Amino acid sequence: MDEILPPTPNVLLLVGPDGGDVVHLTTIEVAEADLALLAEFADALDRAAGPHPGREFEGLTEALREIGRVPYYPWMPEGDEATVARWVRQALSTVRHSPFEGPRGATDHETLSNVLRYAQGWESVEADQDEEQAAERALVSMMRAAGWT
């Protein structure tokens, strides 16, 4: 696993009761003001990648065009401005939408926050069945969020 995802500070690998990898957990604090800025940026992406972006979006349009022309990393998209803008919006949506929505959200958040607290400084920790299920629900929620724009 270390060859694929080397140990990273503040990132924890949960190992399920059967010994299999469950998920990586990390903590990211996002202020309300930052969420507002991210929402504005997502809207700016739409404008910059649109058919008539306007002068105020020329710099962003050119940046999207450049990224799509010569991706810096293999996981980045190749294509026109709209393709790159969609990719960026999908990445932003995982920050803009909480993985802890729904009836079990608050409980799952508390469960996984407790795991992060008691495992601070460790690279991995064994998760019990409840912790594994909470991590799986959060992961599914994040995958759904990545599909949102």
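**Figure 1. In this predicted model, helix α1 passes helix α3 in a left-handed crossing.** The two helices pack at an angle of about 165 degrees, and their axes lie 9 Å apart. Because angles over 145 degrees count as roughly antiparallel, α1 is described as roughly antiparallel to α3. On the α1 side the contact is made by L35, L38, A39, F41, A42, D43, L45, D46 and A49, which meet E81, A82, A85, V88, R89, L92, V95 and R96 of α3. Sorted by class, this contact between α1 and α3 has 12 nonpolar and five charged residues, with no polar ones.

**Figure 2. Helices α1 and α2 pack at an angle of about 80 degrees.** Their axes are 9 Å apart, and the angle makes α1 roughly perpendicular to α2. The residues that meet here are F41, A44, L45, A48 and A49 from α1, together with L60, T61 and L64 from α2. By class, seven of the residues in the contact of α1 with α2 are nonpolar and one is polar, while none is charged.

**Figure 3. The largest nonpolar core of the model contains 13 residues.** Among its members, L45, L64, V84, V88 and L92 touch the most other members. The elements that contribute two or more residues to this core are α1 (32-49), α2 (58-69) and α3 (81-96), and α1 provides the largest share, with five residues. A close view of L45 shows contacts with L60, L64, A85, V88, R89 and L92, when its neighbours within four places in sequence are left aside. Apart from this core there is a second, separate one of 11 residues, which includes L14, A119, A134 and A135. As a general background to both views, nonpolar side chains tend to be buried together in soluble globular proteins.

**Figure 4. Helix α3 passes helix α5 in a right-handed crossing.** Helix α5 spans residues 129-147, and the axes of α3 and α5 come within 7 Å and cross at roughly 140 degrees. The two helices are therefore oblique to each other. In this contact, Q90, S93 and T94 of α3 meet M142, A145, A146 and G147 of α5. By class, the contact of α3 with α5 has three nonpolar and four polar residues, and no charged residues.

Note on methods. Residues are numbered from 1 along each chain as its sequence is written. This is a predicted model: local features need pLDDT of at least 70, side-chain atom pairs count only at pLDDT 80 or more; totals for chains, interfaces and linings use all residues. Side-chain values use heavy atoms; hydrogens and water are left out. A nonpolar core is a set of buried Ala, Val, Leu, Ile, Met, Phe, Trp, Tyr and Cys residues joined through side-chain atoms within 4.5 Å. Buried means under 20% relative accessible area, exposed over 50%, partly exposed in between (1.4 Å probe, protein chains only). Helices (H or I, at least four residues) and strands (E, at least two) are DSSP runs, numbered from the N terminus. Contact means heavy atoms within 4.5 Å. Axes are lines fitted to C-alpha atoms, for helices over the stretch in contact, and angles run from 0 to 180 degrees between N-to-C directions. Angles under 35 degrees count as roughly parallel, over 145 as roughly antiparallel, 65 to 115 as roughly perpendicular and the rest as oblique. A crossing is left-handed if the near helix is turned anticlockwise from the far one by less than a right angle, and right-handed if clockwise. Ala, Val, Leu, Ile, Met, Phe, Trp, Tyr, Cys and Pro count as nonpolar, Asp, Glu, Lys and Arg as charged, and the others, Gly among them, as polar.
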